[in-house]
Amino acid sequence: MDNLLTPNEQDSFIEDALRSYPLAKIPKDITESVMARIRNEPAPRFQITRTDYLLAIVLTLVLGGIILGFQFLPPIVLLQMQIQGILLWQSLLVNYRWLLPMTSIILGTFLAGIAFYQLLRYQRS
């Protein structure tokens, strides 16, 4: 059967039906029955485990070793590292003009993939 009503007419019929329909009384024990169905579980507590302590100690030792290693390097080695860093940066600036556009394209594709995946997940639910 074809629907001969416009969406505005349908809305007005629904509004009229909702306004003219008699209201029912709310049961007095509605709050108690709803609250009885809610499970009372304690909130999860924040706990630091042995793994957290071990990870903190290992990372502290590694970073401390790196800093201490740089402190005891001879000045000529630090100067040589600085020169190599400058040369690497110049090489990137001169020879890799495709780096910024390619990075932008890859990042855009990655973000579009994430958005597409989220849309597919939203559509399925």
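**Surface, fold and contacts**

Reply: The accessible surface of the protein comes to about 12900 Å², and carbon and sulfur atoms account for 68% of that surface. The model is a predicted one.

Me: Which helix has the lowest mean pLDDT, and which the highest?

Reply: The protein as a whole averages a pLDDT of 87, and 97% of the residues score at least 70. Among its elements, helix α3 (residues 50-71) has the highest mean, 95, and the lowest, 77, belongs to helix α2 (residues 30-37).

Me: What radius of gyration does the protein have, against that of a compact globule of 125 residues?

Reply: The C-alpha atoms fill a box of roughly 90 × 45 × 20 Å along the principal axes. A compact globule of 125 residues would have a radius of gyration near 14 Å, whereas the protein has 33 Å.

Me: What percentage of the residues count as buried?

Reply: A residue must have under 20% relative accessible area to count as buried. Of the 125 residues of the protein, the share that counts as buried is 0%.

Me: Where is T49 placed, and how far is its C-alpha atom from that of Q84?

Reply: T49 belongs to the loop between α2 and α3. Its relative accessible area is 37%, so T49 is partly exposed. T49 and Q84 are 35 residues apart along the chain, and their C-alpha atoms are separated by 42 Å.

Me: How far apart are the centres of the positive and negative side chains?

Reply: The protein has 10 positive side chains and 9 negative ones. The centres of these two sets lie apart by 16 Å.

Me: Which residue forms a salt bridge with E15?

Reply: The structure holds one salt bridge. Both of its residues lie in helix α1 (residues 7-20), four residues apart, about one turn of the helix. With the closest N and O atoms 3.5 Å apart, the partner of E15 is R19.

Conventions:
Residues numbered from 1 in each chain as written. Predicted model: local features only at pLDDT ≥ 70, side-chain atom pairs only at ≥ 80, totals over all residues. Heavy atoms only, no water. pLDDT = per-residue confidence, 0-100. Helix = DSSP H or I, 4+ residues; strand = E, 2+ residues; numbered from the N terminus. Rg over C-alpha atoms; globule rule 2.2 N^0.38 Å. Buried < 20%, exposed > 50% of the residue type's maximum accessible area, 1.4 Å probe, protein only. Areas by Shrake-Rupley, 256 points an atom, 1.4 Å probe, with all protein chains shown as cover. Lys, Arg positive; Asp, Glu negative; His and termini not counted. Charge placed at Lys NZ, Arg CZ, Asp CG, Glu CD. Salt bridge = Lys/Arg side-chain N within 4 Å of Asp/Glu carboxyl O.
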